[in-house]
Amino acid sequence: MNKFIPQTDISLKKKKKRWTTKGRQVEDKYLEEIKKLFSNITIKRDELIEYLHLLQDNFGALYDKHLVALSIITNLPLSEIYEVATFYAHFNIIKNNPSFKPIKIVRVCESLTCELFGAQKILEELNNLNDENIKVVPGPCMGRCQVAPTVCVGKNYVDNATPEAVKNTIKANKFESFIPNYTSYKEYLSKGGYVISNKISNNEISKEQIINILNESGLKGKGGAGFPTGKKWEIVSKYSGLKYLTINGDEGEPGTFKDRYFLETDPHRFLEGTLIASQFIKAHRVYIYMRDEYPSVIEILKNEISILEKEKIIPDNYFIIRRGAGAYICGEESAMIESIEGKRGLPRHRPPYVAEVGLFGKPTLVNNLETIYWIRDIIENGANWFSNQGVRGRKGFHSFSISGRVKNPGVKIAPAGITVQELIDNYCDGMAEGHTFKGYLPGGASGGILPSSLNDIPLDYGSKELDDEGCFLGSAAVIILSDKDNMMEVGLNLLKFFEEESCGQCTPCRVGTEKTVKIMKQRLWNKQKLEDLSEVMTEASICGLGQAASNPLKSVMKHFGKELNYE
Ligand SMILES: Cc1cc2nc3c(=O)[nH]c(=O)nc-3n(C[C@H](O)[C@H](O)[C@H](O)COP(=O)(O)O)c2cc1C
Ligand code: SF4
Ligand code: FES
């Protein structure tokens, strides 16, 4: 006790008085608002991104005081909430503003096709808008490249946009999404819908039959990697215990819009395919990951899934929709799984592969939305129905998303092995008026660029001719370029996309994309440095984003060298 040092008047005066716990304090008003908003919700850690959406949908933005309150009711560290919220481009965090005016976001697509059609000019004009409740930001491809340029006003898309059309939409307060006409549950049912899934659940079609059909059909995943679907289903179904099915509806590859097209026209064909896949692997639950850029698709899915629940075709809460938040990297399957778990979308190191250790650490089947869309038709019509549709010795067909300098762009279902020239001539009514074919992207931003002189290459997964040119089909997003397009600018646009979307987890990709863009912005390019950076990114990046990021640059240097200016 002798050693006890008594507090003196002086020491007491020096001491800083603290009346609250350390850290940011929650304010009652905001806590009450959040409690009210979440009154019917049972808090689950993996739903953090859904909660952030709920806040943003309600208040127009993520106000920091609401985030403090969210951390109290979820019992999650505030730092974790910020970490997740700031990872995703669609979350707009702002300091509290006493008047609390909801902010509307206007996103101007600045990816390649929209840029070809004048996106930068629109962005410049809209930046002069004098409206404190409107925030204008650039954004990556919104999956509407066939009607470029496109601008998203709140949740409402202005296609073939002009600054005037966007301003009129804002003036008219038209911020909500538009639901197109699509095949309803009843119509789908009347045309043989849910017969195949019924037969499977009644054991009239065996698992063996399904695998044989899928393998013989030659169906390969439509998400970009082209992995044989039957094989993947077999691998996952062999694991015992709890398993999950996850559907990849992220569709972030610039130039791709096929998944949106299928869900906006015939959602039940996809939902029946989902049911079949879940029955096949005996999935505990199904998570459908949909990009936030597709609000009408999310609405359609919600409505149609609730019909399936009412009709007792699926149990309640068996199909769960998870909304993305504007991060291209979340299309990579392991990053998507992280995002479904409510975290930042950082790709995982492999092995283990997600088929073995996936969602919530359990074996998981990941399929692209379109892959699943064709399942009913292939089982119903037989393997040959699909495989016979290829040309030049290829199997099946692809749903090409075609945009750029053609007369009639859109989703074109065409045989695997078709050439770009055949696509332009026979599916798109030729080149747009006043444009001469100069080059094309066979597989979105990642798949490289080819000159028109290579217009006879068969387009398919594993096409040796594409491979020899360092290109690939990916999600079959074909962008047509013309004599009016500047290849230095095309290359820069694509590299800027990868720089923006790199998750930053590994140095070759994070720093490599940034340095490459810096050089490509110069009037004269440093060839040696660009080649070095490209090699490091390709060889040393963790995931496909960094590995493919320099593809457009390599292609431009290889095929369009005459148009480039080097130091
Ligand atoms: C950077 C990156 C982005 C990707 N984006 C998507 C995507 O938006 N949609 C998709 O289905 N697959 C995407 N993939 C491929 C997925 O990782 C995965 O291969 C696919 O979802 C599997 O489904 P599938 O076998 O049916 O194609 C992406 C891959 C990478 C590396
Ligand atoms: S390659 Fe790029 S996107 Fe992929 S993990 Fe590394 S930093 Fe992230
Ligand atoms: S919507 Fe703009 S490039 Fe796709």
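1. Start with ligand 2. Its shell divides by class into eight nonpolar, five polar and one charged residues. The shell holds 14 residues in this predicted model. The closest are C503, C506, C509, C543 and G546. Two helices each supply at least two residues of this shell: helix 23, spanning 507–520, and helix 25.

2. Ligand 1 has 22 residues around it. Those that come nearest are G221, G223, G331, N368 and G544. The class count for this shell is six nonpolar, ten polar and six charged residues.

3. Which elements each supply at least two residues of the shell around ligand 1? They are strand 10, residues 364–368, and helix 25, residues 544–548. Strand 10 gives the most, with three residues.

4. Now the domains. The domain assignment of the chain gives domain 1 (28–94), domain 2 (104–171) and domain 3 (185–380). It then gives domain 4 (397–482) and domain 5 (487–563). Why does ligand 1 lie between domain 3 and domain 5? Both domains give residues to its shell, so ligand 1 lies between them.

5. Domain 1 and domain 3 also deserve a look. Their C-alpha centres lie 28 Å apart. The contact takes 14 residues from domain 1 and twelve residues from domain 3. On the side of domain 1 that touches domain 3, helix 3 (48–59) and helix 5 (78–87) are the elements that give two or more residues. Helix 3 gives the most to that side, with four residues. By class, this side of domain 1 has seven nonpolar, two polar and five charged residues.

6. Next come the helix pairs. Two packed helices are described by the angle between their axes and the distance between the axes. Take helix 22 (residues 487–501) and helix 26 (residues 551–559). Their axes come within 8 Å and cross at roughly 165°. That angle makes helix 22 roughly antiparallel to helix 26. The crossing of the two is left-handed.

7. What makes the contact between helix 22 and helix 26? Helix 22 brings M487, G491, L494 and L495. Helix 26 brings P552, L553 and V556. By class, the contact has six nonpolar, one polar and no charged residues.

8. A second pair is helix 14 (residues 267–281) and helix 15 (residues 295–310). They pack at an angle of about 55°, with their axes 11 Å apart. Helix 14 is therefore oblique to helix 15. Their crossing is right-handed. P267, H268 and L271 of helix 14 meet I300, L301, E304 and L308 of helix 15. This contact has five nonpolar, one polar and one charged residues.

9. Helix 2 passes helix 4 in a right-handed crossing. From helix 2, Y30, L31, I34 and K35 take part. They meet K65, H66, A69, L70, I72 and I73 of helix 4. The contact residues divide into seven nonpolar, one polar and two charged.

10. The peptide bond from R350 to P351 is cis, with omega near -10°. P352 lies in this loop as well. The peptide bond from P351 to P352 is cis, with omega near 5°.

11. F360 lies in the loop between helix 16 and strand 10. Strand 10, at the end of this loop, is also the element that gives the most to the shell around ligand 1.

Conventions
Residues are numbered from 1 along each chain as its sequence is written. Chains are lettered from A and ligands numbered from 1 in the order in which they are written. This is a predicted model: local features need pLDDT of at least 70, side-chain atom pairs count only at pLDDT 80 or more; totals for chains, interfaces and linings use all residues. A residue is near a molecule or strand if its C-beta atom, placed from the backbone, lies within 6 Å of it. Ala, Val, Leu, Ile, Met, Phe, Trp, Tyr, Cys and Pro count as nonpolar, Asp, Glu, Lys and Arg as charged, and the others, Gly among them, as polar. Domain bounds come from an automatic or database domain assignment. Two residues are in contact if their C-beta atoms, placed from the backbone, lie within 7 Å. Axes are lines fitted to C-alpha atoms, for helices over the stretch in contact, and angles run from 0 to 180 degrees between N-to-C directions. Angles under 35 degrees count as roughly parallel, over 145 as roughly antiparallel, 65 to 115 as roughly perpendicular and the rest as oblique. A crossing is left-handed if the near helix is turned anticlockwise from the far one by less than a right angle, and right-handed if clockwise.
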